[in-house]
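Here are my notes on this structure, written for someone new to reading models. Keep the picture open as you go through the points.

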Amino acid sequence: MSGYFKELISGTKSLFIGLGITGKYFFEPVVTMQYPMEHVEMTPRFRGHIELIPDEETGEPKCVVCGMCQKGCPSKCISLEGEKREGVKGKVLTKYILNFTTCSLCGQCVESCKFGAIRFSKDYNLAGPRKEDFIFDLIKRLKEKS
Amino acid sequence: MPEPFRVILFIIFVMAFAGLNAAYLVWCERKGAGHIQRRIGPKEVGPFGLLQPIADGIKLMTKQLFLPKGADPLLFMAAPLMVMVPAIMSFMVIPFSETFVAREVNIGLLMIFAFASVNVLGLLLGGWGSGNKYAVIAAARCVSQNIAYEIPMLVTTITMVMVTNTMNLNEIVRAQAGWFFHWHIFRLDISLLMPVAFLIFFVCSLAETNRAPFDMAEAESELIAGAYTEYPGMGFGVFFMGEYANIVIGCALSVILFLGGWQSPIPFHPVGFLGVIWGLFWFLTKLYALIFTVIWIRWTYPRTQFYELLNLSWKVLIPISLFNLILTALQIKIFPWL
Amino acid sequence: MNGLFQQDVNQETFILNLGPQHPATHGVLRVKLEMDGEYIVDAEPVLGYIHRMHEKMGENRTWAQFLPNCGRMDYLSALSYNHGYVAAVERAAGIEVPERAEYLRVITVELNRISSHLLWFGAFVLDLGGFTPLLYAFDDREQILDLLESVTGSRLTYCYFRFGGVYNDIDDSFITGTREFIKRLRKRMPMYDALVTKNIILIKRLKDIGPISKDMARRYGATGPVARGSGIDFDVRKHEPYSVYSEFDFDIPVYEEGDSMARYMVRMDEIEQSMRIIEQALDKLPEGEIQPKKAVKLVKPEKGDYYHAVEAARGSFGVRIVSDGTNSAYRLKLRSPTYSNLSLFGEASRGMLLPDALALMGSLDLVIPEIDR
Amino acid sequence: MLLAKIKEALNSLYEDIQEVPEAPAAAEAEVAAAETAPETETAPAPEAQAEEGEPAAGEGEAETEEAEEPAAPPGLKETDYKAKGYHLDVDLPPEKVVAAAEILNRENFFIEAITGVDWIDDQQLEVVYDFNHFDELCRVVIRSRLDRSNPEIPTISHIYQGANWHERETHDFFGITFTGHPNLEPLLLPEDADFHPLLKDFKA
């Protein structure tokens with residue numbers, strides 16, 4: 001019988017304590033961020049989709065079309081082409097397509113690149129209604145950026 | 001004003017009140033929940049998201065009303081009304097202010113309880129008529145829960161009737177005139193357990209209206225949406241409005257029986273039109289404070305388990321309310337001058 | 001009228017499909033329940049709705065290419081899975097890991113474990129009908145995700161560990177941030193305690209609900225908090241210390257009751273223990289390299305089979321590698337803890353009421369992609 | 001301590017069936033002989049050529065095993081835990097797996113996993129059982145080779161209920177039939193799946 005009353009009183013007390021906690025938080029400022037109006041700064045190491053790094057002087061991509069990124073990619077989402085041009089040492093990149101629909105952002109491509117030609121971008125507002133929106137032409141993107 | 005005219009006016013008022021109430025209680029609930037959880041809640045539609053309920057209403061109304069395969073058409077369609085209509089009917093006897101009441105019925109209390117029982121029937125039929133297993137489970141839960149909770153609620157009410165000698169709601173309020181310590185909840189001279197009785201009544205009205213933590217009938221993490229699982233668009237909307245109307249009724253009864261109804265905390269009551277506004281102000285203040293508590297409770301506790309709920313009713317609430325009844329009777333008999 | 005009511009009148013039970021879309025299954029798990037009223041006569045989990053055959057992928061990819069897959073099984077404690085796989089390959093190929101890298105692994109894995117337990121806590125209370133603790137827990141969890149993002153570059157499906165080390169080194173802001181976070185969480189834990197753990201409704205819902213006996217846990221191979229809640233003192237971190245866990249002083253919370261409350265308490269206590277490990281690791285953090293001096297370029301383990309288990313947030317995660325000496329696995333078996341933990345649900349839930357069974361299911365801490373793999 | 005005990009218990013299992021493991025060995029030798037025989041007679045057909053390597057490989061393995069531990073019964077090996085991750089490697093004929101599981105159950109081992117490996121070059125499937133102990137660190141691996149054309153092995157799900165799902169999974173992926181299993185239906189694969197994706201000759 002005493003256990004009954006003990007439980008009754010301690011139970012009721014626990015309920016009021018609970019109310020006290022939520023009541024306190026009711027008057028405290030909100031902690032959420034109003035996302036579309038406010039933007040989050042991505043950390044320097046944020047791994048977005050990859051992008052090409054331009055050569056500082058020419059603005060052309062640094063890529064030498066060695067194909068290591070293509071080989072290292074687990075989901076085969078990189079396809080690139082290059083051609084020999086006169087007066088230029090090595091190959092010149094003509095096409096760099098990233099199929100972002102299958103990319104898992106693992107970073108194997110960036111790690112396998114010995115020439116420092118690709119990096120992670122900081123883009124994250126990437127929602128889109130069509131699948132084709134996520135086949136990125138990275139050369140076009142590079143030109144648009146510069 | 002001629003009587004029929006007055007009643008019609010009141011019906012319009014009550015329906016508007018019930019509808020707007022439901023809409024804006026949803027807003028309050030969402031805002032309240034938001035701030036308790038340290039977020040903002042609705043904010044896009046209108047200033048402070050104030051037009052959100054209207055947007056929600058439009059959305060619900062434009063949704064297709066369809067009948068699930070295997071549902072009983074009549075029961076399925078009638079059920080939302082059976083929740084909504086009794087709730088609105090109950091408003092007819094609630095004294096919002098001394099003279100601001102549709103009908104001063106002598107057995108107002110009885111009437112509200114009679115209508116409150118219909119509400120359960122609505123949920124039961126809705127659950128059964130949907131032909132959904134989750135809904136049937138919810139309906140069965142709802143009925144046994146309501147039966148269990150009607151007993152302590154009625155016993156407490158009987159205590160109050162015994163104290164006031166009337167079932168007329170306005171009379172009950174008048175009996176609490178004067179300072180705030182004349183409200184029944186503070187009348188320890190009538191019964192030492194008066195605050196406990198209020199707590200019991202409040203808990204029971206939570207259970208009666210299927211509000212958290214007693215929302216076993218809806219139990220979204222167990223039964224999807226309980227009895228409402230199959231309801232589309234406004235079918236669900238009407239259920240929802242009925243539920244909120246019931247919360248208002250439950251809280252209004254608590255206010256009337258224990259918190260002095262439209263009485264102000266100080267013995268001051270202007271006459272005439274100002275008196276009506278004065279009474280209305282105090283009634284609504286108390287009412288919404290109580291409704292806020294209901295919302296606050298919902299966003300604090302986990303849901304109770306079904307048998308624990310029945311345990312609570314049979315092992316705690318009913319014995320205490322019976323004890324309170326006897327205690328009150330003794331106190332009235334032994335100290336009649338109080 | 002319909003199938004439900006037209007059944008044979010003599011039939012006392014009915015079949016209830018819990019899922020694949022049900023709020024309490026936290027993913028696409030379906031539980032076929034045979035019900036007598038609200039009592040469960042028999043329960044049969046139906047799996048495989050998001051089965052992706054990671055094991056076959058492991059055979060078709062190189063060792064390194066499988067790394068991103070690890071984060072996509074148990075997305076809530078992805079780093080433990082990273083760790084399990086990487087450690088197994090390191091054992092097979094005999095790769096030495098620099099000490100600093102091991103410390104970084106421990107710190108990040110334990111942070112990940114806390115975040116996983118916090119999310120479980122919120123989701124579990126949500127299962128029981130309390131909504132608010134979920135958002136409080138998320139508030140804290142966000143801090144962990146921010147910390148981990150600053151190191152690993154991603155918030156959920158980490159791919160941070162490499163054979164022989166880790167991908168990035170940490171900086172001072174991470175260290176101070178982690179210390180601040182631990183201070184903050186220590187202050188928050190009493191709040192959770194008062195709001196949820198001591199709440200009479202929660203106690204009533206969890207005490208003596210869904211008991212799992214020691215023997216039952218053994219027969220089903222349950223590990224992690226489920227086993228520890230049944231009085232089994234088993235934690236891979238202590239039992240067969242891998243990485244640098246043997247250097248830290250921490251306790252394994254064990255509760256004898258075996259009910260849902262015990263499993264709840266184990267996880268809540270583990271948060272504190274993980275914080276202790278992180279603090280010690282930050283104090284002892286050695287200087288040095290985070291990858292072996294001779295960078296691991298091509299992994300080709302010797303022929304044979306190898307096993308390595310780690311303690312993930314949900315139990316013992318084991319990787320069995322069968323190598324044929326090439327640069328991809330001949331066979332890669334991933335032993336996921338929840339798979340075994342869930343398999344006892346059928347027996348444990350027999351005769352229970354539906355809401356109690358859901359409390360039991362929540363206390364098992366299911367992550368469906370990990371079960372289905 | 002536990003390791004020695006369980007090793008002795010499992011060893012006794014071998015002594016019981018001393019003759020049995022020899023029989024398949026003899027059979028294998030016969031098969032090997034039969035396969036090598038036509039080779040010498042006629043020019044090797046392309047098929048035979050493909051299979052040529054396997055018996056040799058099998059023999060080679062057997063030889064190294066014997067060379068390492070000539071005293072130990074065939075198939076029971078204590079392994080280097082640091083390098084392998086387990087302590088005891090037990091190779092058993094399929095019909096002895098249940099007895100081994102019973103021994104392990106008596107010693108309070110728990111089951112970690114059951115899986116298969118497709119040794120397509122040997123035309124064999126291997127079932128691998130992982131056992132572990134809660135109190136003492138002792139991982140036991142039991143493995144059993146089955147004929148690839150008719151892979152059957154008795155179930156242990158009546159001893160370890162947890163094995164039920166693991167066996168179903170193995171059945172899903174490899175098509176290994178666990179005789180006596182109460183409910184050998186696809187678990188992770190779709191209900192109507194009639195393919196076994198982890199077989200090496202499976203093409204999606």
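1. Let's begin with domains: their bounds here come from an automatic or database domain assignment. For chain A that assignment gives domain 1 (1-31) and domain 2 (50-145). The C-alpha centres of domain 1 of chain A and domain 2 of chain A lie 57 Å apart.

2. Some housekeeping. This is a predicted model, where local features need pLDDT of at least 70 and side-chain atom pairs count only at pLDDT 80 or more, while totals for chains, interfaces and linings use all residues. Residues are numbered from 1 along each chain as its sequence is written, and chains are lettered from A and ligands numbered from 1 in the order in which they are written.

3. What are the elements of chain A? Chain A has four helices and five strands, where helices (H or I, at least four residues) and strands (E, at least two) are DSSP runs, numbered from the N terminus. Starting at that end, the order in chain A is α-β-α-β-β-α-β-β-α.

4. Now look at the outline of chain A. Its C-alpha trace spans about 95 × 30 × 30 Å along the principal axes. The radius of gyration of chain A is 27 Å, whereas a compact globule of 146 residues would have one near 15 Å. (The radius is taken over C-alpha atoms, and the globule rule is 2.2 Å times the number of residues to the power 0.38.)

5. How much of chain A is buried? Buried residues make up 21% of its 146 residues. A residue is buried if 20 or more other C-beta atoms lie within 10 Å of its own, exposed if 12 or fewer, and partly exposed in between, with C-beta atoms placed from the backbone.

6. Two loop residues deserve a click. L105(A) has a positive phi of about 55 degrees although it is not a glycine, and it sits in the loop between β3 (91-99) and α3 (108-112) of chain A. L105(A) is partly exposed, with 18 other C-beta atoms within 10 Å. In chain B, R38(B) is not a glycine either, and its phi is positive, near 60 degrees. R38(B) lies in the loop between α1 (3-36) and α2 (52-62) of chain B, and is partly exposed, with 18 other C-beta atoms within 10 Å.

7. Next, who touches whom? Two residues are in contact if their C-beta atoms, placed from the backbone, lie within 7 Å. Of the four pairs of chains in contact, chains B and C share the most contacts. That contact takes 26 residues from chain B and 30 residues from chain C. On the chain B side, α8(B) gives the most, with three residues. By class, that side has 10 nonpolar, seven polar and nine charged residues. (Ala, Val, Leu, Ile, Met, Phe, Trp, Tyr, Cys and Pro count as nonpolar, Asp, Glu, Lys and Arg as charged, and the others, Gly among them, as polar.)

8. Chain A meets chain C too: 19 residues of chain A are in contact with 20 residues of chain C. Helix α1 (residues 2-26) of chain A gives the most to the chain A side, with seven residues. The chain A side divides into nine nonpolar, eight polar and two charged residues.

9. Finally, which chains stay apart? No contact joins chain A and chain D, and their closest C-alpha atoms lie 16 Å apart. Chains B and D have no contact either, with closest C-alpha atoms 24 Å apart.
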